[in-house]
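Q: I'd like to learn how to read sheets, helix packing and pockets in a model. Can we go through them one at a time?

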Amino acid sequence: MMQSKPFFSLDRVSHIYQSGDDEEHEALSRITLSIPSGEFVAVLGANGSGKSTLARHLNALLLPTSGQCLVDGMDTRNESLHWQIRQKVSMVFQNPDNQLIAAVVEDDVAFGPENLGVPSEEIRKRVRDALNLVGMSTHAGDAPHLLSGGQKQRIAIAGAIAMRTECIVLDEPTAMLDPRGRAEVLSAVKKLHEEQRTTIVYITHFMEEAIAADRIILMDKGKVVMDGTPRNVFSKPEYVRSLGLDLPLAADLAQRLRIGGEDLPQDILTDEELVHCLSR
């Protein structure tokens, strides 16, 4: 059976900041990668690995220094296509305070669809649906500045949902949040993926968030060094640690117990799996 074309297709993409300068820095190095529609992909890597630079190529905020980045078949180097690309891919960044611009939550969520020229009645429906999806419908009339960090980030995600883009790229959306806020945001993203089949690219350095994805892309020094399911990736704990990353708590504890003599599977990921194996 013929496979559908990828939603994102990167062919030997490199990105150099301050090219030709004494300070030039290669943030991406000849990355070849494809992401199909409907997939939930987590991109992991230590600080400076290139994951945020990669994220910004996915809706043409940055353009390749060399190589090609296609979004649903559209070449990001073609400036005349940028408006169409951004109607397909929306971004959510790590600081929600930089993204919320209106005095009332529902006005903020409506901002994107208004800019796209969506009719008023359809905007109201989209705002209502988006707030329901992220569990924030009771806050529609609130002022964003009165909300918690996790609530603000869910409003930012609702704004992206209301634009009805086919993909949402989230660049470390929980980096500034406490554990409760992180859990709220991840829950909203998982629900969006499961119910709407939206393509999700989720940049993070939190391992517990990464294991919620279908697939993990692991980056180091501007290159993709591993690409597989969470179980594949975290079954190689020494390699993951060598890149300056932690393991999910259950995987880390399972490895320590194996070293101590416990007969446990190599691919334990979650607390529930660990408890189940130990209880036997």
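Q: Let's start with the sheet of four strands: in what order do the strands come, and is the pairing parallel or antiparallel?
A: One caution before that: this is a predicted model, with local features needing pLDDT of at least 70 and side-chain atom pairs counting only at pLDDT 80 or more, while totals for chains, interfaces and linings use all residues. Residues are numbered from 1 along each chain as its sequence is written, and side-chain values use heavy atoms, leaving out hydrogens and water.
Strands of a sheet pair through backbone hydrogen bonds, either parallel or antiparallel. Helices (H or I, at least four residues) and strands (E, at least two) are DSSP runs numbered from the N terminus, and two strands pair if DSSP finds at least two bridges between them. Here the order is β2-β1-β4-β5, an open sheet with antiparallel pairing. β2 (25–35) and β5 (74–75) sit at the edges with a single partner strand each, so one side of each has no neighbour in the sheet. Between β1 (residues 8–17) and β2 there are seven bridges, and His15 has Leu28 in β2 as its bridge partner.

Q: What is the strand order in the sheet of six strands?
A: That open sheet runs β6-β7-β8-β3-β9-β10, and its pairing is mixed. The twist averages 20° from one strand to the next. For the parallel sense, look at β7 (residues 167–171) and β8 (residues 199–204), joined by five bridges; Asp171 is partnered by Ile203 in β8. For the antiparallel sense, take β9 (residues 215–220) and β10 (residues 223–228), also with five bridges. Their hairpin has two residues between the strands, and Lys221 takes a positive phi near 50°.

Q: At what angle do α3 and α5 pack?
A: Axes are lines fitted to C-alpha atoms, for helices over the stretch in contact, and angles run from 0 to 180 degrees between N-to-C directions. Helix α3 (residues 105–115) meets helix α5 (residues 149–162) at about 35°, and the axes are 7 Å apart. Contact, meaning heavy atoms within 4.5 Å, is made by Val105, Val109 and Pro113 of α3 and Ile155, Ala158, Gly159 and Ala162 of α5. Those residues divide into six nonpolar, one polar and no charged. On the class names: Ala, Val, Leu, Ile, Met, Phe, Trp, Tyr, Cys and Pro count as nonpolar, Asp, Glu, Lys and Arg as charged, and the others, Gly among them, as polar.

Q: How much space lies in the largest pocket, and which residues are closest to its centre?
A: Rolling a probe the size of a water molecule over the atoms shows where empty space is left. On a 1 Å grid over the protein atoms alone, a pocket is an open set of points where a 1.4 Å probe fits, with protein on both sides within 12 Å along at least five of seven lines, and lining residues have an atom within 4 Å of a point. Grid points are joined across faces, edges and corners, and a volume is the space filled by probe spheres set on the points. The largest pocket holds about 600 Å³. Of its 25 lining residues, Ser90, Met91, Phe111, Gly112 and Met163 are closest to the centre. α3 gives the most to this lining, with five residues.

Q: Which helix gives the most to the lining of the second largest pocket?
A: That is α6, with six residues. This pocket holds about 200 Å³, and its lining has four nonpolar, one polar and four charged residues.
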